[in-house]
Amino acid sequence: MCIRDRFPLFSWTSHPNAFIGDQPTTPSELVAMHRQNYEATIVYLHSLPTHQLASQPGATRLMQKSIDRSPSSIFRPMPQPCEHPDALAQQVDGHVVPASEALEFAKTQSKTTEGKKAQVLIVDMRGMESTPSDLEKADTIRDQVDQLMNQATDGNVLSIMSSTASAPGRKLLWTETHNIATSTSTATWGFFPMKTGAVWYLTSNSLLGLGVTMYLFFIAFCGFCCLSQLQTPDVFMGDQKEEMDRALGKNTK
């Protein structure tokens, strides 16, 4: 499997030489390795493999700038998507918030980070993937949350971006959903289809026409095969007699 078909695991921090010798395979492993060294850890979870994120330049533009500015960063392509946000939260003792609430939640947490146990904030970005503009908004939110938490902790933050998507393929032809209810709203369902090419619908009439066409081609093929198997003599009897007379010098009528 090539890198473009895998799932991304990015991480960056202001601590120099933070990832030397690290070979994480999941975000939970990376958090377990480093959470004790930071006042806060933020995990941003999308539902897109690497090549789909790369196909939208605006989806990671600000994140790439953050990585370029950071003294330490790491990228690992994962063959499988990482854990579901809730499952990841249980493993790392974190808190899950949707992207739409992440900034307000970060503002609240930034005021109470001092003297508290290292926090793990998991930002579910899947609700902002339906259009390229939504992906750009998600990138903006990610940048704002990063800046806010870095200011509150004097740069003592570990940022991670990964994917919880299922493997790309036929399943992407179907619309995937998940509950995006917020703490102050009623439950709603968000639909996030990804473009995978044209979809052709086969109606009953087109199926009948296709079947009849194939049947006619089959009959024509059988007829051609029968004609090609016919065997006839090279010279017929009447032609043979004329050839013999001509060879003997007899006059032919």
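This is a predicted model: local features need pLDDT of at least 70, side-chain atom pairs count only at pLDDT 80 or more; totals for chains, interfaces and linings use all residues.
The sulfur of cysteine 226 lies 6.7 Å from the closest cysteine sulfur, that of cysteine 222, and is therefore too far for a bond. A disulfide is a covalent bond between the sulfur atoms of two cysteines. The criterion applied here is a pair of cysteine sulfur atoms within 2.5 Å, and the structure holds zero disulfides.

Residues are numbered from 1 along each chain as its sequence is written, and side-chain values use heavy atoms, with hydrogens and water left out.

Is cysteine 226 buried or exposed? Cysteine 226 counts as exposed, at 53% relative accessibility, whereas cysteine 82 counts as buried, at 9%. Buried means under 20% relative accessible area, exposed over 50%, and partly exposed in between, with a 1.4 Å probe and protein chains only. Of the 253 residues in the protein, 37% are buried.

I turn to the fold. The protein has eight helices and eight strands, taken as DSSP runs numbered from the N terminus (helices H or I, at least four residues; strands E, at least two). Among the contacts with a separation of 6 or more, 78% join residues 24 or more positions apart; contact means heavy atoms within 4.5 Å.

Finally, isoleucine 219 belongs to helix 7, residues 204-229. Isoleucine 219 is partly exposed, with a relative accessible area of 43%.
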